[in-house]
Amino acid sequence: MLARRDALPAAERRALSERIIRQLLTLDAYCGARCVMAYASFGSEFETGGVIADVLARGKSLVLPRVERGGRMLQLHAVDDPARQLAPGVWGIPQPRADLCPPVPASQLDLILVPGVAFTRRCERLGYGGGYYDRFIRSLVPRPPLVAAAFALQVVPMLPMSETDQRVDLVVTEDAEYRAMIMAPGA
């Protein structure tokens, strides 16, 4: 999957990201959110820069994660000037500088943009293998909406899922939206 995503020419990746962003910015969950957790894209991922810019332009609070490798967890930090406050972190991924960005409790999050390698139409998610987001999502009480932005080529019929793997609520691609099916109790 990573090779397929990496094979997308940069111009096409930018154009597809712009189409996805237009859809994301109209979601009720996004429009109503006061505090949005995103991530700084890396490599051939969906380009999050437009979402980050819109969050700040609308006066919403922006939260980005720092990878705490020793504890295998995400630390959340408020960011208001990404150009000044981000630096390459673990694996070269841009992340907030702890000395410039105050910590934020997860309870303040109204919406979370979740990265991933692949997704299904049932909103199952395959991450990068470290379990950072799966552990983070399991810890959320209450759990705000989880939205993934992905290129259509990242949506596959099925993924290997374990009991610790966490689904997202919505997957937005350049040409579709997939919502998780919520099962009624006892169904």
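**Salt bridges around Glu 124**

Let's start with one pair. Arg 122 and Glu 124 form a salt bridge, and their closest N and O atoms are 2.9 Å apart. Keep in mind that this is a predicted model.

Why can such pairs form? Side chains of opposite charge can pair when their charged atoms come close.

Now the surroundings of each partner. Arg 122 is partly exposed, at 37% relative accessibility. Glu 124 sits at 8%, so it counts as buried, because the cut-off for buried is under 20%.

Where do Glu 124 and Arg 167 lie? Glu 124 is in the loop between strand 7 (118-119) and strand 8 (125-126). Arg 167 is in the loop between strand 9 (146-149) and strand 10 (170-172). So this pair ties together parts that are 43 residues apart in sequence.

Next, another pair. The side chains of Glu 177 and Arg 179 meet in a salt bridge, 3.3 Å from N to O. Is Arg 179 buried or exposed? Arg 179 is exposed, at 53% relative accessibility. Glu 177 is partly exposed, at 35%.

Back to Glu 124, then. Through shared partners, salt bridges join Arg 122, Glu 124 and Arg 167 into one network.

Last, the count. How many salt bridges are there under this rule? The count comes to nine.

Key: Residues are numbered from 1 along each chain as its sequence is written. This is a predicted model: local features need pLDDT of at least 70, side-chain atom pairs count only at pLDDT 80 or more; totals for chains, interfaces and linings use all residues. Side-chain values use heavy atoms; hydrogens and water are left out. A salt bridge is a side-chain nitrogen of Lys or Arg within 4 Å of a carboxyl oxygen of Asp or Glu. Buried means under 20% relative accessible area, exposed over 50%, partly exposed in between (1.4 Å probe, protein chains only). Helices (H or I, at least four residues) and strands (E, at least two) are DSSP runs, numbered from the N terminus.
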